[in-house]
Amino acid sequence: QVQLVESGGGLVQAGGSLRLSCAASGSIFSINAMGWYRQAPGKQRELVAAITIGGTLNYADSVKGRFTISRDNAKKTVYLEMNSLKPEDTAVYYCNRLTPSGRPVDSWGQGTQVTVSS
């Protein structure tokens with residue numbers, strides 16, 4: 001297993017920006033695609049952004065054009081830059097390694113809370 005620690009969440013106003021970080025330890029890291037998930041109260045966890053080993057970016061339609069995922073393999077860290085935030089973006093955000101088929105690899109961490117006020 002690998003330990004994943006999310007950080008960077010907080011309370012922001014609609015239209016604001018936030019950068020989330022996910023630091024990994026205990027793995028090579030670069031051999032896996034990485035993804036950011038979010039889970040709002042009463043909702044299922046959903047994958048909102050992913051980055052492949054080769055750097056291909058994928059986004060859920062709900063965040064496309066507003067969020068940017070990136071990775072720094074040397075730092076074993078993946079980032080999620082969130083712009084033009086909306087109240088519906090409010091959720092706990094998690095990161096995870098992804099299998100080639102897009103499934104989460106590791107157990108879930110604590111995540112980081114993002115709250116967007118209107």
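These are my notebook entries on what I looked up in this predicted model.

**Ground rules**

I number residues from 1 along each chain as its sequence is written, and my side-chain values use heavy atoms, with hydrogens and water left out. The model is predicted, and local features need pLDDT of at least 70, side-chain atom pairs count only at pLDDT 80 or more, and totals for chains, interfaces and linings use all residues.

**Entry 1: the whole chain**

I began with the elements. I found zero helices and 10 strands in the protein. Helices (H or I, at least four residues) and strands (E, at least two) are DSSP runs, numbered from the N terminus. Read from that end, the order is β-β-β-β-β-β-β-β-β-β.

Next I looked at overall dimensions. The C-alpha trace spans about 40 × 25 × 25 Å along its principal axes. For 118 residues, a compact globule would have a radius of gyration near 13 Å, and the protein agrees because its value is 13 Å. That radius is taken over C-alpha atoms, and the globule rule is 2.2 Å times the number of residues to the power 0.38.

I then checked burial. Buried means under 20% relative accessible area, exposed over 50%, and partly exposed in between (1.4 Å probe, protein chains only). Buried residues make up 41% of the 118 residues. The protein exposes about 6,100 Å², and carbon and sulfur atoms supply 49% of that area. These areas come from the Shrake-Rupley method with a 1.4 Å probe, and for residues only the protein chains shown count as cover.

I also looked up contacts (heavy atoms within 4.5 Å). Among contacts with a separation of 6 or more, 54% join residues 24 or more positions apart.

**Entry 2: the cores**

Which residues touch the most other members of the largest nonpolar core? I noted Leu20, Trp36, Ile69, Val78, Leu80, Met82 and Tyr93, out of 26 residues in this core. A nonpolar core is a set of buried Ala, Val, Leu, Ile, Met, Phe, Trp, Tyr and Cys residues joined through side-chain atoms within 4.5 Å. Elements giving two or more residues to this core include strand 3 (18–25), strand 4 (33–39), strand 8 (77–82) and strand 9 (91–98). Strand 3 gives the most, with four residues.

I followed Tyr93 further. Leaving out residues up to four places away in sequence, Tyr93 touches Glu6, Leu20, Trp36, Tyr37, Arg38, Phe67, Leu80, Met82, Gly111, Thr112 and Val114.

**Entry 3: the ring cluster**

How many aromatic pairs are there? I counted two aromatic pairs. Rings of Phe, Tyr and Trp (its six-membered ring) pair if their centres lie within 6.5 Å; planes under 30 degrees apart count as stacked, over 60 as edge-to-face and the rest as tilted.

Tyr37 and Trp108 are edge-to-face, because their ring centres are 4.9 Å apart and their planes are at 80°. Tyr37 is in strand 4 and Trp108 in the loop between strand 9 and strand 10, so this pair ties together parts 71 residues apart in sequence. Tyr37 counts as buried at 6% relative accessibility, whereas Trp108 is partly exposed at 30%.

Tyr94 and Trp108 are also edge-to-face, with centres 5.8 Å apart and planes at 70°. Here Tyr94 belongs to strand 9, 14 residues from Trp108. Tyr94 is buried, at 10% relative accessibility. Together, ring pairs link Tyr37, Tyr94 and Trp108 into a cluster.

Is Met34 buried or exposed? Met34, in strand 4, is buried, with a relative accessible area of 0%. Leu47 lies in strand 5 and is partly exposed at 33%. Beyond four places in sequence, Leu47 touches Gly35, Trp36, Tyr37 and Ala60.

**Entry 4: positive phi**

Most residues other than glycine have a negative phi. Lys76 has a positive one, near 50°, in the loop between strand 7 and strand 8. Ser84 also has a positive phi near 50°, and this residue is in the loop between strand 8 and strand 9. Lys76 is partly exposed at 28%, and Ser84 is partly exposed at 40%.
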